[in-house]
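This report walks through one protein model, topic by topic. Please have the sequence and the coordinates open while reading.

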Amino acid sequence: GDWAGVNPTQPEGDVLFVAAALGRPGADTLRAISELQAGEAIVAGDRLLAARGDGEPGARLVGALREIAGRGPFPESSSADWPRLLPGMNLSVEDGGEPRVPSTLVDLMAGSGEAAAADFEAVADELPSPDPGAFPAVHLLERSRIRLGADVRLDPGVVLDARDGPILLGPGTRVMANSVLQGPVTTDRDCLFKPVTRAMDGVCLGPVCRVGGEIDATVVLGFTNKQHDGFLGHSYLGCWVNLGAATDTSDLKNDYGFVKITIAGETVDTGSRHVGTLIGDHSKTAIHTRLNTGTVIGVSANVFGTGFPSKEIPSFTWGAGPEMEEYRLEKAIRVASIVTGRRSVRFGSVGERLFGELHRATAGRRAARFGAKSR
């Protein structure tokens with residue numbers, strides 16, 4: 001069957017296809033996508049950005065995408081001669097110009113402030129500005145650019161400063177005493193800012209995140225804990241990550257040069273001077289972990305040890321120095337099931353299958369680093 005049942009084998013009815021690589025489309029691209037009619041597609045160069053197909057065109061497009069990208073979770077290719085292929089599927093082609101398409105997570109992190117501002121604008125008319133009388137001893141600066149979901153709690157001494165960017169807090173979020181949020185900042189539901197948290201300049205949190213210390217220009221996808229003191233800057237974290245107390249990220253080189261990162265053994269120049277750490281789902285750091293500028297950590301890695309860990313830490317690893325070992329798949333699955341269960345989320349067979357596919361796909365990087373050692 002299809003991978004995890006995400007997409008049906010045959011689409012039914014009028015279907016809109018949008019390239020996931022777009023991230024958050026710019027205003028012009030988003031407008032063009034929203035105005036697509038059935039039988040139309042948008043292409044930029046050799047990249048398919050979006051298409052709308054009803055019936056046979058949609059089914060033929062699904063078939064072509066499966067053939068090009070493969071049926072598993074890891075696409076084998078994302079390129080094809082779409083301007084030539086699409087007319088054969090009864091889809092007319094429109095020029096999408098030159099949209100900004102992220103090439104790494106660094107691009108998504110760098111756009112976090114802009115994305116936060118856009119999220120705010122999308123809901124600003126649906127929510128009122130907060131009533132100062134409802135939050136005694138709380139400072140609301142530029143109140144017209146602050147929006148709070150239902151049941152948001154702001155403790156005494158909290159400062160919400162929206163002078164440099166909007167602040168949008170999702171329902172059930174709590175900001176504990178003496179915390180300072182400097183916009184743009186957005187959260188999904190049920191997030192927690194521990195006392196004296198400082199979050200600023202494009203912090204975007206997914207659901208059920210718990211954060212503390214100092215956070216700057218960082219995206220966190222959800223269910224992630226950074227509850228203690230320590231600096232997290234210009235970083236991108238997946239789901240179910242846990243940063244130990246006093247974990248610190250460096251996000252600027254001493255020579256102020258552009259930061260290079262290593263992804264699957266390939267070095268990429270990000271073109272940015274501010275890059276912290278990219279961390280995959282279910283990875284963890286020990287207390288007092290120090291992460292160098294441009295560190296990339298894979299999925300389900302347990303990072304600990306003295307000194308600075310390597311700037312590339314493969315998925316399913318245990319440790320960070322010369323004694324790094326492979327983190328056994330069965331143990332990783334068992335721990336992930338416990339972690340998600342604590343938040344009433346079932347890891348289940350789909351999670352186990354995804355871990356298995358990821359473990360196999362990343363075996364080469366682990367072998368290149370430390371051979372067959374495992375824990």
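## The second largest pocket

The second largest pocket has a lining of 27 residues, and those nearest its centre are R24, L108, G111, S112 and A115. A pocket here is an open set of points on a 1 Å grid over the protein atoms alone, where a 1.4 Å probe fits, with protein on both sides within 12 Å along at least five of seven lines; lining residues have an atom within 4 Å of a point. The space in this pocket is about 630 Å³, a volume being the space filled by probe spheres set on the points, which are joined across faces, edges and corners.

Two or more lining residues come from each of α4 (105–110), α5, β12, β15 and β18. The largest share, four residues, is that of α5. Helices (H or I, at least four residues) and strands (E, at least two) are DSSP runs numbered from the N terminus.

## Basis of the model

The model is predicted: local features need pLDDT of at least 70 and side-chain atom pairs count only at pLDDT 80 or more, while totals for chains, interfaces and linings use all residues. Residues are numbered from 1 along each chain as its sequence is written, and side-chain values use heavy atoms, with hydrogens and water left out.

## The sheet and the helix across it

Nine strands form an open sheet with parallel pairing, in the order β6-β9-β12-β15-β18-β21-β26-β29-β31. β6 and β31 (312–313) are at the edges with a single partner strand each, so one side of each has no neighbour in the sheet. Two strands pair if DSSP finds at least two bridges between them. Within the sheet, β18 (residues 219–222) and β21 (residues 236–239) run parallel and are joined by three bridges, and V220 stands opposite L237 in β21.

Helix α5 (residues 112–123) lies across β6, β9, β12 (185–187), β15 and β18, at about 70° to β9. Axes are lines fitted to C-alpha atoms, for helices over the stretch in contact, and angles run from 0 to 180 degrees between N-to-C directions.

## Nonpolar cores

Which residues have the most contacts inside the largest nonpolar core? They are L148, L154, L160, I167, L169, L181 and L205, in a core of 37 residues. β6 (146–148), β9 (167–169) and β15 (203–205) each supply at least two of its residues. Another core, of 15 residues, lies apart from it and includes A51, V62, A64 and I68. A nonpolar core is a set of buried Ala, Val, Leu, Ile, Met, Phe, Trp, Tyr and Cys residues joined through side-chain atoms within 4.5 Å. Buried means under 20% relative accessible area, exposed over 50%, and partly exposed in between (1.4 Å probe, protein chains only).

Leaving out residues up to four places away in sequence, L148 touches L127, P130, F135, L154, L160 and L169. Contact means heavy atoms within 4.5 Å.

## Backbone details

Most residues other than glycine have a negative phi, and most peptide bonds are trans. G183 and P184 are joined by a cis peptide bond with omega about 5°, and P184 is in the loop between β11 (180–182) and β12.

D190, in the loop between β12 and β13 (192–193), has a positive phi of about 55°. D190 is partly exposed, at 35% relative accessible area. F223 also has a positive phi, near 55°, but F223 is buried at 18% relative accessibility. The loop that holds F223 lies between β18 and β19 (225–226).
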